[in-house]
Amino acid sequence: QVQLVESGGGLVQAGGSLRLSCAASGRTFSGYAMAWFRQAPGKEREFVAAINGIGSRTYYVDSVKGRFIISRDNAKNTVYLQMNSLKPEDTAVYYCAADISYGGSSVSSLKYEYDYWGQGTQVTVSS
């Protein structure tokens, strides 16, 4: 079992920044690919960003490229999402997810690839 706990959400004005954190349990964190997804009210959960187990590869949805950065600190069992130049359309509940298959080598945007999910943290961007 892997437990994921997100933090760092909140209310911010458009153009501002937030950094989300996701702390994971388990001894083999570097063997997990990690991702962030988000879900706005009335919409499906969508992929935001992913990173492989050793942090050498990342993947972003087009709408956040150049604004968001995903990173990880395997010594702290934590993955981060630095969100800059926030827009009202970034408002959503943000979830982190872990893919424990393939030793962390996979970097996927597909929800069904991820085995464990956190409970989410709310991000609200005001205009």
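**Labels and what stands behind them**

Modeller: In this predicted model, Arg45 lies over the face of Tyr95, at 3.6 Å from the ring centre.

Colleague: What makes Arg72 count as lying over the face of Phe29?
Modeller: The distance to the ring centre of Phe29 is 4.4 Å. The cut-off is within 6 Å, together with an angle within 35 degrees of the ring normal, and Arg72 is listed as lying over that face.

Colleague: Why is Arg38 called buried?
Modeller: Its relative accessible area is 5%, and buried means under 20%, so Arg38 is buried. Arg38 belongs to strand 4, residues 33-39.

Colleague: What makes the link between the side chains of Arg38 and Glu46 a polar contact?
Modeller: They come to 2.6 Å, and the limit for such a pair of N or O atoms is within 3.5 Å. The side chains of Arg38 and Tyr94 also form a polar contact, at 2.9 Å. Beyond four places in sequence, Arg38 touches residues including Val48, Phe68 and Asp90.

Colleague: Why is Gly120 called partly exposed?
Modeller: Gly120 has a relative accessible area of 26%. Gly120 sits in the loop between strand 10 (116-117) and strand 11 (121-126), and its contacts beyond four places in sequence are Glu6, Val93, Tyr94 and Tyr95.

Colleague: How many aromatic pairs does the whole structure hold?
Modeller: The search finds six.

Colleague: Why is the pair of Phe37 and Phe47 called edge-to-face?
Modeller: The planes are 75 degrees apart, and over 60 counts as edge-to-face. The centres are 5.6 Å apart, where pairing needs them within 6.5 Å. This pair joins strand 4 to strand 5 (residues 46-51), across 10 residues. Phe37, at 0% relative accessibility, is buried, and Phe47 is buried at 9%.

Colleague: What makes the pair of Phe47 and Tyr59 tilted?
Modeller: Their planes are 35 degrees apart, with 5.3 Å centre to centre. Under 30 degrees would be stacked and over 60 edge-to-face, so this pair is tilted. Phe47 is in strand 5 and Tyr59 in strand 6 (residues 58-60), so the pair ties together parts 12 residues apart in sequence. Tyr59 is partly exposed, at 38% relative accessibility.

Colleague: Which residues do ring pairs link into a cluster?
Modeller: Phe37, Phe47, Tyr59, Tyr114 and Trp117.

Methods
Residues are numbered from 1 along each chain as its sequence is written. This is a predicted model: local features need pLDDT of at least 70, side-chain atom pairs count only at pLDDT 80 or more; totals for chains, interfaces and linings use all residues. Side-chain values use heavy atoms; hydrogens and water are left out. Helices (H or I, at least four residues) and strands (E, at least two) are DSSP runs, numbered from the N terminus. Buried means under 20% relative accessible area, exposed over 50%, partly exposed in between (1.4 Å probe, protein chains only). A polar contact is a pair of N or O atoms within 3.5 Å; within protein, one must be able to donate a hydrogen and the other to accept it, and residues adjacent in sequence count only if both atoms are side-chain atoms. Contact means heavy atoms within 4.5 Å.
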